[in-house]
Amino acid sequence: DAIGIDSSQRIGIGTNTPGAKLSIVGDVSATGGLSAAAVGGCSYFGGNVGIGTTTPEANLEICSALNQQHLYIQGANSGTSALARIKTIAGGSVLTLETGTASDSRDILKAKNSSGTVLNLQADGKLGIGTEVPGAELSIVGDVSATGGLSAAAVAGTSYFAGNVGVGTTSPSHKLNVAVSDGDDGIVLQKAGSSNDLFKFS
């Protein structure tokens, strides 16, 4: 039968043995909306699901030619667990973000808290931490702490520090403050490619 109702008042379309209140064997097409209020249960889809496309290439694909937001997730999460999580159980890549431009400052990835922007990765490759508008490949508004080394190879460029700089001290009192232990060299100037000291301050 095309449509059947069994003794438990379950409706089958394309099947004579419905396993739920409504069981459909075949495709479903709707010009209006579809909704499911799974109170105490689950809603699930097998195969690929497309929103805005009839030929999804992934488990969930959202497509739109409109200049609008396509995905919005909101929840009343006041705990420490994440509102959303992306996980792989294998060793492959987890997340890829792509944009159709590389010439302007549109956002690829932005993280905010109640005070403003925490992290902003732009399409031109600039990354800002603590700033909405990074002015260089890496712009940080705030302190930087490293347990390893810091290096800058300014090829045809400039490296500079504002404020007081401390080497061996976290509380420099001068523009350059080098703190050394007894018997250690303080500042040594050498010619590039040579181990000979031009001068030394201990």
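Helices (H or I, at least four residues) and strands (E, at least two) are DSSP runs, numbered from the N terminus. Residues are numbered from 1 along each chain as its sequence is written. The model is predicted, so local features need pLDDT of at least 70, side-chain atom pairs count only at pLDDT 80 or more, and totals for chains, interfaces and linings use all residues; side-chain values use heavy atoms, with hydrogens and water left out.

**First stop: two loops**

Select Gln9, which sits in the loop between strand 1 (3–5) and strand 2. Its phi is near 65°, a positive value in a residue other than glycine. Is Gln9 buried or exposed? Relative accessible area decides the matter: buried means under 20%, exposed over 50%, and partly exposed in between, with a 1.4 Å probe and protein chains only. Gln9 counts as exposed because its relative accessibility is 58%.

Next, select Thr15, in the loop between strand 2 (11–13) and strand 3 (22–24). Thr15 has 14% relative accessibility and therefore counts as buried.

**Second stop: an open sheet**

Strands of a sheet pair through backbone hydrogen bonds, either parallel or antiparallel. Here two strands are said to pair if DSSP finds at least two bridges between them. Select the 3 strands that form an open sheet in the order 1-2-3, with mixed pairing. Strand 1 and strand 3 stand at the edges with a single partner strand each, so one side of each has no neighbour in the sheet. Strand 2 and strand 3 run parallel and are joined by 3 bridges. Within strand 3, Leu22 has Ile11 opposite.

Lys200 in strand 13 has Val188 opposite. This hairpin has 6 residues between the strands, and Gly193 takes a positive phi near 80° in it.

**Fourth stop: two pockets**

A pocket is an open set of points, on a 1 Å grid over the protein atoms alone, with protein on both sides within 12 Å along at least five of seven lines; a 1.4 Å probe is used, and lining residues have an atom within 4 Å of a point. Grid points are joined across faces, edges and corners, and a volume is the space filled by probe spheres set on the points.

Select Ile140, Val144, Leu150, Tyr160 and Phe161, which lie nearest the centre of the largest pocket among its 26 lining residues. This largest pocket has a volume of about 1300 Å³. Strand 9 (138–140) and strand 10 (165–167) each supply at least two residues of its lining.

The second largest pocket holds about 950 Å³ of space. Select Ile24, Val28, Leu34, Tyr44 and Phe45, the closest to its centre of the 16 residues that line the second largest pocket.
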